[in-house]
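Here is a quick tour for anyone meeting this structure for the first time. Have a look at the sequence and the model, then read on.

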Amino acid sequence: FVFNEINFDNHEQVVFASEEKSGLKAIIAVHNTHLGPAMGGCRMWNYASEAEAVRDVLRLSRGMTYKNAVAGLPIGGGKSVIIGNPKTDKTPALFEALGEALERLGGRYVTAEDVGTSPADMANVASKTKYVAGLGDRGDPSPFTALGCFVGAQAAIRHQLKRDSFDGLTVALQGLGHVGYDYARRLHAAGAKLVVADIDQAALQRAQDELGAEVVGIDAIYDVQADIYAPCALGATLNPDTLSRLKAKIVAGAANNQLATADIGEACRQKGILYAPDFVINAGGIIKVCYEYLNTPEDGMEAHVRRIGDTLAEVFTRADAEGLPTSVVADRIAEAKFKN
Ligand code: NAI
């Protein structure tokens, strides 16, 4: 393997877990437990190499530390990956073996579903360990992610456009999935005009019928004359090409890892685009999962998700005052919490 370019980035612990009988090959990364047990999903992916899997898990687990810290949750950051094809290689035994590995970590890492894994897989993990969250028995976290995006967009229009209402504003929304559709519904109810793109024709039809949305092609979404660009499908959609095309002065969407490279944060600032950092605005789902896992009374949960708006207002104000990209300010707010 070529591991020499991997930056361990202050990970507390990285565990390779394998079991011959079930074929499990997993990597569990515990980035930081300063604020509590490391929490983050389990991704199953057909990685081209072990080195690629290591790089992915380290990047993702570090991201969870930042997300969980900024969200004000009493948990740290971690992530796990299973190397394998989620379409062909899944068995109950595979996830039971992962559960046994988590049990050996004694609760330093708590897993949940992610790309390539499902609530049913997590139920198999749960047959061997209690260190698993978001089993789906109390509902899908996506509506809470959508709520966080909506209050985040409200904070952004207040800051950038000095407006309290979405009336007359246009949102170019990419991806009408679990989060995107619910976010679109809230924006429509608040008076925004929607221009949408998706590869799923049924979702587009529904948005036209129910929300009066205008449909554009999947590439044309970057050229829409809009006030807000809301990426809710893929990562890395903010790059030099799309930045040169976007008309919107606000980016507020749920997708993870929206900046193709870290320097795009500064490029947004220079173009006068207010970027709501992805890991701040999309934390509604993890807030919901964390409340569920820790058995925190849920009556405070919606208010906690709504505080994403306050946090973003603070990020925007500090970014202006310090002349820094919002992405850098958000990182610093996180670091001040988990590095203490
Ligand atoms: P989803 O899979 O339900 O929805 C994604 C939507 O994007 C689908 O409708 C899909 O057809 C569409 N899509 C795929 N490729 C596209 C393209 N090239 N152009 C336009 N649309 C395209 O996923 P979900 O759960 O709604 O998540 C959306 C994003 O938000 C993802 O990046 C996810 O990682 C992120 N996220 C989701 C959270 C949640 O609570 N579900 C929490 C935090 C982040």
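## No salt bridges at the join

Between domain 1 and domain 2, the count of salt bridges is zero. Keep in mind that this is a predicted model. Polar contacts do turn up across the interface of the two domains: the rule finds two residue pairs, both at pLDDT 80 or more.

Domain 1 brings 13 residues to the contact, and domain 2 brings 15 residues.

How much area is buried between domain 1 and domain 2? The figure is about 1300 Å², and carbon and sulfur atoms give 73% of it. Over in domain 1, the residues that lose the most area to domain 2 are M39, Y66 and K67, which together make up 49% of what that side buries.

## A closer look at the domain 1 side

Now for the elements that do the touching. On the side of domain 1 that touches domain 2, β2 (24–32) and α1 (50–70) are the elements that give two or more residues. The largest share comes from α1, with five residues. Sorted by class, this side of domain 1 has seven nonpolar, four polar and two charged residues.

## Around the ligand

T145 has a polar side-chain atom 2.6 Å from an oxygen atom of the ligand. With A233 the backbone is involved: one of its N or O atoms lies 3.1 Å from an oxygen atom of the ligand. S142 faces a nitrogen atom of the ligand, which is 3.2 Å from an N or O atom in the S142 side chain.

## Salt bridges in the whole structure

The interface may have zero salt bridges, but the structure as a whole holds 20. Side chains of opposite charge can pair when their charged atoms come close.

One example is E214 with K193, where the closest N and O atoms are 3.0 Å apart. This pair links distant parts of the chain, 21 residues apart: E214 sits in strand β9 (residues 214–215), and K193 in strand β8 (residues 193–197).

Definitions and conventions. Residues numbered from 1 in each chain as written. Predicted model: local features only at pLDDT ≥ 70, side-chain atom pairs only at ≥ 80, totals over all residues. Heavy atoms only, no water. Contact = heavy atoms within 4.5 Å. Buried area = accessible area lost by both parts, 1.4 Å probe. Salt bridge = Lys/Arg side-chain N within 4 Å of Asp/Glu carboxyl O. Polar contact = N/O pair within 3.5 Å; in protein donor to acceptor, adjacent residues only side chain to side chain. Helix = DSSP H or I, 4+ residues; strand = E, 2+ residues; numbered from the N terminus. Nonpolar A, V, L, I, M, F, W, Y, C, P; charged D, E, K, R; others polar.
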